[in-house]
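Reader: I have just opened this entry. Please walk me through it, one step at a time.

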Amino acid sequence: MDKLLSGRRVLVVEDEMLVLLMIEDMLADLGCESIIAAASINRALASIDAQFFDLAMLDMNLNGDSTYSVADALAARGIPFVFSTGYSGHHMRDGYSDRPVLKKPSV
């Protein structure tokens with residue numbers, strides 16, 4: 001029986017190592033073929049330019065910087081993505097209010 005994400009390539013943009021490890025484990029359990037992690041906006045953008053992804057998960061805030069530039073690059077390539085955040089009150093930029101937002105676990 002195929003798993004939900006069998007064979008998919010996923011970009012995870014996350015700067016908290018413990019959260020990243022939990023996300024990687026979850027995605028592997030769901031059958032992902034490849035999970036590429038990026039802990040900075042520059043690394044995420046370079047990964048998007050260099051590789052193909054089926055989907056992505058973006059922390060909304062990397063060390064105080066918004067990941068909207070990463071979201072813009074993904075949207076331009078038609079790659080679906082979700083945001084994740086550890087903050088209870090989040091405000092989405094125009095154009096992204098319809099995107100799913102996952103609440104990150106506390107570590």
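This is a predicted model: local features need pLDDT of at least 70, side-chain atom pairs count only at pLDDT 80 or more; totals for chains, interfaces and linings use all residues.

Reader: In which order do the strands of the open sheet lie?

Author: The open sheet has 5 strands, with parallel pairing. Its edge strands, β2 and β7, each pair on one side only. From one strand to the next, the twist averages 20 degrees. The order is β2-β1-β3-β6-β7.

Reader: What angle does the direction of helix α1 make with that of β2?

Author: Helix α1 covers residues 17–29 and packs on the sheet. There α1 touches β1, β2 and β3. The direction of α1 makes with that of β2 an angle of about 165 degrees.

Reader: In β7, which residue is the bridge partner of Thr 85?

Author: Strands β6 and β7 run parallel and are joined by 3 bridges. Strand β6 spans residues 81–85. In β7, the bridge partner of Thr 85 is Lys 103.

Reader: Why do the buried residues of helix α2 lie on the same side?

Author: Helix α2 runs over residues 41–50, and its buried residues are Ile 41, Ala 44, Ser 47 and Ile 48. They are on the same side of α2 because the arc they cover around the axis is only 125 degrees. In an α-helix, with 3.6 residues a turn, residues three or four places apart point the same way. The arc to remember for α2 is 125 degrees.

Reader: Which exposed residues does the face of α2 turned away from its buried side carry?

Author: Start with the buried side. Its cover includes β1, β2, β4, β5 and α3. The face turned away from that side carries the exposed residues Asn 42, Asp 49 and Ala 50.

Reader: Is Ser 66 buried or partly exposed, and at what relative accessibility?

Author: Ser 66 lies in strand β5. Leaving aside neighbours within four places in sequence, Ser 66 is in contact with Ile 41 and Met 60. The C-alpha atoms of Ser 66 and Ile 41 are separated by 8.6 Å, with the two residues 25 apart along the chain. Ser 66 counts as partly exposed, because its relative accessibility is 37%.

Reader: How many residues apart in sequence are the parts that the pair of Tyr 68 and Phe 83 ties together?

Author: The whole structure holds 5 aromatic pairs. Tyr 68 is in helix α3 and Phe 83 in strand β6, so the pair ties together parts separated in sequence by 15 residues.

Reader: Is Phe 83 buried or exposed?

Author: Buried means under 20% relative accessible area. Phe 83 has 1% relative accessibility, so Phe 83 counts as buried.

Reader: What kind of pair do the rings of Phe 83 and Tyr 96 form?

Author: Both Phe 83 and Tyr 96 are buried. Phe 83 is in strand β6, while Tyr 96 is in the loop between β6 and β7, 13 residues apart. The ring centres are 5.9 Å apart and the planes are at 85 degrees, so the pair is edge-to-face.

Reader: Which residue has its charged end over the ring of Phe 81?

Author: Phe 81 belongs to a cluster that ring pairs form with Tyr 68, Phe 83 and Tyr 96. A charged end sits over the Phe 81 ring, 3.9 Å from its centre. That charged end belongs to Arg 99.

Definitions and conventions: Residues are numbered from 1 along each chain as its sequence is written. Side-chain values use heavy atoms; hydrogens and water are left out. Buried means under 20% relative accessible area, exposed over 50%, partly exposed in between (1.4 Å probe, protein chains only). Helices (H or I, at least four residues) and strands (E, at least two) are DSSP runs, numbered from the N terminus. The arc is that of the directions from the helix axis to the C-beta atoms. Contact means heavy atoms within 4.5 Å. Rings of Phe, Tyr and Trp (its six-membered ring) pair if their centres lie within 6.5 Å; planes under 30 degrees apart count as stacked, over 60 as edge-to-face and the rest as tilted. A charge sits over a ring if NZ of Lys or CZ of Arg is within 6 Å of the ring centre and within 35 degrees of the ring normal. Two strands pair if DSSP finds at least two bridges between them. Axes are lines fitted to C-alpha atoms, for helices over the stretch in contact, and angles run from 0 to 180 degrees between N-to-C directions.
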